[in-house]
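Work through the following exercises with the sequence and the model side by side, and try each task before reading its solution.

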Amino acid sequence: MKALLLVAHGSRREASNDEVRDLTRHLQKVDNSFQHVACAFLELAEPSIPGGLRAAIAAGAGEVVVLPYFLSAGRHGVTDIPAEVAVVQAEHPDVPIRVAPYLGAADGVVQILLE
């Protein structure tokens, strides 16, 4: 099974975290490229990135794609998220875990902004 883990920063404002959870549910409904779609947060909200990865693997994921829900390549995307992923990758070396480019690097972002 292939899993997608949408990773956001996390917020003290629970409504912001709920927006990410709602987006995650919408992704699951719209696309069936991934049999397991979940979200995780870098800080301030649960589940954590390691928690989200472990849950996906426990659900049977044989591959996990981590999608940083960030607009720019700051420290979180370049250093923090890969470090969190590395912890779980070391625990499960048989499960490929790939960090996708952050959202702001996607080809369609320019068109979305112009619309």
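**Exercise 1. Find which residues of the largest nonpolar core touch the most other members, and which elements supply the core.**

Solution. The largest nonpolar core has 19 residues, and those touching the most other members are Ile49, Leu53, Val64, Val66, Ile81 and Ile97. A nonpolar core is a set of buried Ala, Val, Leu, Ile, Met, Phe, Trp, Tyr and Cys residues joined through side-chain atoms within 4.5 Å, where buried means under 20% relative accessible area and exposed means over 50%, with partly exposed in between (1.4 Å probe, protein chains only). Two or more residues of this core come from each of β1, β2, α2 (49–58), β3 (63–68) and α3 (75–91); helices (H or I, at least four residues) and strands (E, at least two) are DSSP runs, numbered from the N terminus. Helix α2 gives the largest share, four residues. Apart from this core lies another, of six residues, including Leu6, Ala8, Val20 and Phe41.

This is a predicted model, in which local features need pLDDT of at least 70 and side-chain atom pairs count only at pLDDT 80 or more, while totals for chains, interfaces and linings use all residues. Residues are numbered from 1 along each chain as its sequence is written, and side-chain values use heavy atoms, with hydrogens and water left out.

**Exercise 2. List the contacts of Leu53, leaving out residues up to four places away in sequence.**

Solution. Contact means heavy atoms within 4.5 Å. With that cut-off, Leu53 touches Leu5, Val64, Val66, Val85, Val88 and Ile97.

**Exercise 3. Which residues of helix α1 are buried, and why do they line one face?**

Solution. The buried residues of α1 are Asn17, Val20, Arg21 and Thr24. Seen down the helix axis, the buried residues of α1 fall within an arc of 95°, so they line one face; the arc is that of the directions from the helix axis to the C-beta atoms. An α-helix has 3.6 residues a turn, so residues three or four places apart point the same way. The face of α1 turned away from its buried side carries the exposed residues Glu19, Lys29 and Val30. Among what covers the buried residues are β1 (2–8) and β2 (36–41).

**Exercise 4. Describe the surroundings of Asn17.**

Solution. Asn17 belongs to helix α1 and is buried, with a relative accessible area of 1%. Leaving aside neighbours within four places in sequence, Asn17 is in contact with Gly10, Ser11, Phe41, Leu44 and Ala45.
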